[in-house]
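Here is a quick walk through some local details of this structure. Have a look at the sequence and the 3D view, then read on.

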Amino acid sequence: MAKRISDEIIIKKYANRRLYNTGTSTYVTLDDLAQMVRRDEQFKVLDARTSEDITHTILTQIIFEQEAKSENSLLPVSFLRKLISYYGDQMQTLVPAFLDQSLRSFSEQQGQIREQVNRTFGNTPLAKDIPAPVAAVDEQVRRNTENFRQNLQAFSPFLATKSGSDRDARLGASEIDDLKAQLKVIQHRLDRLDH
């Protein structure tokens with residue numbers, strides 16, 4: 001019988017780096033665990049020798065592998081730089097809650113984007129191959145960027161704001177272009193999941 005903690009599948013990591021799924025009594029890879037995450041299967045990874053919870057470390061390794069083999073990485077360099085800068089900073093304790101809330105909000109908005117595509121192109125097989133209308137994507141990106149800025153200001157009200165309208169416009173445009181590219185990748189991945 002599978003060992004579970006409140007419906008979590010226990011994955012044991014052995015000294016030889018092998019991962020053992022106690023739910024299926026099989027060895028698994030990081031790719032297998034990534035698929036479990038996509039299927040929203042809850043699991044906890046424990047060090048087989050010490051029983052220490054190493055789920056965070058394993059999930060970080062999964063992200064690293066996915067970023068390394070993906071043509072279109074999910075985490076832009078600018079985001080990674082900013083994230084790294086928060087380590088050891090007084091804001092470090094606020095960042096996890098902020099990122100969690102931002103991703104939840106983004107996940108909720110994915111449904112709205114899909115509805116917009118279906119309203120525009122209908123629910124046809126071809127609609128999956130047609131990118132979302134630029135205006136709808138622009139509006140969604142604008143809202144996401146504004147929400148992100150508001151949330152960041154709420155978590156760090158003492159950060160100085162940038163001055164210079166030209167610099168702000170360039171920064172906003174590059175952020176919007178980056179978010180558009182990310183949305184296209186996400187839409188493509190969502191469409192593949194629908195099959």
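## A loop, a helix and some rings

Thr22 lies in the loop between E3 and E4. (Helices, H or I with at least four residues, and strands, E with at least two, are DSSP runs numbered from the N terminus.) This is a predicted model, where local features need pLDDT of at least 70, side-chain atom pairs count only at pLDDT 80 or more, and totals for chains, interfaces and linings use all residues. Residues are numbered from 1 along each chain as its sequence is written, and side-chain values use heavy atoms, with hydrogens and water left out.

Is Thr22 buried or exposed? Thr22 is buried, at 9% relative accessible area; buried means under 20%, exposed over 50%, and partly exposed in between, with a 1.4 Å probe and protein chains only. A polar atom of the Thr22 side chain lies 2.6 Å from the backbone oxygen of Ile10. That's a polar contact: a pair of N or O atoms within 3.5 Å, where, within protein, one must be able to donate a hydrogen and the other to accept it, and residues adjacent in sequence count only if both atoms are side-chain atoms.

Now for helix H1, residues 30–38, whose buried residues are Leu30, Leu33, Ala34 and Met36. They cover an arc of only 155 degrees around the axis, so they sit on the same side of H1; the arc is that of the directions from the helix axis to the C-beta atoms. These buried residues pack (contact means heavy atoms within 4.5 Å) against strands E2 (8–13), E3 (19–21), E4 (26–28) and E5 (43–47), and against helix H2 (55–69). At the start of H1, a side-chain oxygen of Thr29 comes within 3.3 Å of the backbone nitrogen of Asp31. Just after H1, Asp40 has a positive phi of about 60 degrees.

What about aromatic pairs? A search of the whole structure finds one. The ring centres of Tyr20 and Tyr27 are 5.2 Å apart and the planes are at 65 degrees, so the pair is edge-to-face. (Rings of Phe, Tyr and Trp, its six-membered ring, pair if their centres lie within 6.5 Å; planes under 30 degrees apart are stacked, over 60 edge-to-face, the rest tilted.) The charged end of Arg18 sits over the Tyr27 ring, 3.8 Å from its centre; this needs NZ of Lys or CZ of Arg within 6 Å of the ring centre and within 35 degrees of the ring normal.

Here are some partly exposed residues:

| Residue | Relative accessible area |
|---|---|
| Tyr20 | 21% |
| Tyr27 | 45% |
| Leu179 | 26% |

Leu179 belongs to helix H6 (residues 165–194).
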